Amino acid sequence: MSYKCSRCKRDVELDSYGGVRCPYCGHRVLLKERAPDVKEVDVE
Amino acid sequence: MDLRVIEKEDNALSIEIAGEDHTFMNVLKGALLETDGVAAATYDMNPEQSGGQTDPVLTIKTEDGTDALDALEAGTDRVIEKTDALTEAYESAA
Amino acid sequence: MADYDVTFIERDDTEARFLVRGVTPAFANGIRRAMIADVPTFSIDTVRFIENSSVMFDEQLALRLGLIPLTTPLGGEFDEDDTVTLALDVEGPETAYSGDLVSSDDMVQPAEEDVPIIDLKDGQRLELEADAVLGYGQDHAKHQGGVAVGYRHLQRVEVVGDRDEFRDDEPEIVRGVIETEGGELVPTEEFDNDLTERYPDSEVEVHDVENAFVFDVETDGSFDVDTLVQAGIDSIRGRAEELKEAVQL
């Protein structure tokens, strides 16, 4: 799962063992980025 | 435009005109009432609120000597004439 | 046979007011309805978002994009459900406008260049591709070419005597276009819609003129007024012809 650390702005990969914590700065607030896929929307 | 004849006699016609709405039906009805030999013309359509729009049913009654189907054709001719006349009038004013 | 007479009162590319004499209410209403619902225009129908880091959801932006009027040639160049692709790429700090849309077809362009889509702050970016389709106002209001189409009876104003000297000073409001006894056509805005402004000393009577309708037509810029009126009339004509053929079989 790819996240972005809200303090040091670096990309973070989380696995199921490390818990929620940035491995670079130790910050515990991580943001989920929007998926890079193209999203198709119908106009309603 | 799919047509379904519901009732046909010499001087009466009841026909369902699929895919049309008030826009055309009222113009057609108005034109039919101005057509020679037509005694009565009306159309019936369920309102949107009563479970969706049904296709309009046009009913024509004609005077003796006029076939109802011919009257319908004359009515459409009259609509075409009206549109042509209006186009002409609009263009000459524009 | 029907003898129509058309007189223009105001005339512009996208807005016009004209009087039609000799037209039945049924026919007038048919044309009005046809202009609103049965004249097709291009409008954005699907949007592919490549990047949207703006503050609004993709769906909200898609709705806004759908409402941008696009120029639509009606000369048979396009059929129903034909697609034209438009692209947009704007990076903040900047406002994305309809004019930033780049079309794949010169004939189908945003009718207005300055419709704001969204204000982008520093670091925000909007990149998308949109497919516009030719559709009918019947199916969605975004496909309506006529945005303000209506008509009123022409009203004839007759002077029937002098105004009572001690009468209450009440306004007499009329809206639309009046015909004076001299046959002059006057839009009521010219006298603040108030007959006492134009006829301060006279008692007047107002009557609708039978079969004379003043049409107000305004388009969204997809095409000019003449095209819209003509297409509305042709739409009725086309259906009459189709029915005629079906009856003959």
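## Three chains in a predicted model

C:D12 is found in the loop between the strands β1 (5–11) and β2 (15–21) of chain C; helices here are DSSP runs of H or I with at least four residues, strands are runs of E with at least two, and both are numbered from the N terminus. The structure is a predicted model, in which local features need pLDDT of at least 70 and side-chain atom pairs count only at pLDDT 80 or more, whereas totals for chains, interfaces and linings use all residues. Residues are numbered from 1 along each chain as its sequence is written, while chains are lettered from A and ligands are numbered from 1 in the order in which they are written.

The C-alpha atom of C:D12 is separated by 33 Å from that of C:E129, a residue 117 positions away along the chain.

In general, most residues other than glycine have a negative phi. A:K9, which is not a glycine, has a positive phi of about 60°, and its place is in the loop between β1 (2–5) and β2 (11–13) of chain A. C:D192, also a residue other than glycine, has a positive phi near 55°, and its place is in the loop between β11 (185–187) and α3 (195–198) of chain C.

| Residue | Other C-beta atoms within 10 Å | Class |
|---|---|---|
| A:K9 | 9 atoms | exposed |
| C:D192 | 12 atoms | exposed |
| A:V41 | 20 atoms | buried |

A:V41 lies in strand β4 (residues 39–42) of chain A. Which residues does A:V41 touch, leaving aside those up to four places away in sequence? A:V41 touches C:T46, C:V47, C:F49, C:D58, C:E59 and C:A62, where a contact means that the C-beta atoms of two residues, placed from the backbone, lie within 7 Å. Along its own chain, A:V41 is 20 residues from A:R21, and the C-alpha atoms of these two residues are separated by 34 Å.

### How the chains meet

Six residues of chain A are in contact with 13 residues of chain C. On the side of chain C that touches chain A, the elements giving two or more residues are β3 (41–52) and α2 (58–66) of chain C, and β3(C) gives the most, with seven residues.

Two pairs of chains are in contact, and chains B and C share the most contacts. Chain A and chain B do not touch, and their nearest C-alpha atoms are 20 Å apart. Between chains B and C, 28 residues of chain B are in contact with 32 residues of chain C. On the side of chain B that touches chain C, α1 and α2 (68–93) of chain B are the elements that give two or more residues, and α2(B) gives the most, with 16 residues.

Helix α1 (residues 22–33) of chain B and helix α1 (residues 25–37) of chain C have axes that come within 8 Å and cross at roughly 160°; such axes are lines fitted to C-alpha atoms over the stretch in contact, and angles run from 0 to 180 degrees between N-to-C directions. The two helices are therefore roughly antiparallel to each other, as angles over 145 degrees count as roughly antiparallel, under 35 as roughly parallel, 65 to 115 as roughly perpendicular and the rest as oblique. Among the residues that meet here are B:F24 and B:V27 in α1(B) and C:F27 and C:R33 in α1(C).

Chain B has two helices and four strands, and along the sequence they follow the pattern β-β-α-β-β-α. Its C-alpha trace spans about 45 × 40 × 20 Å along the principal axes. Of the 94 residues in chain B, 32% are buried.

For chain C, the domain assignment, which is automatic or from a database, gives domain 1 (5–38 + 147–218) and domain 2 (41–139). The centres of these two domains of chain C, taken over C-alpha atoms, are separated by 39 Å.
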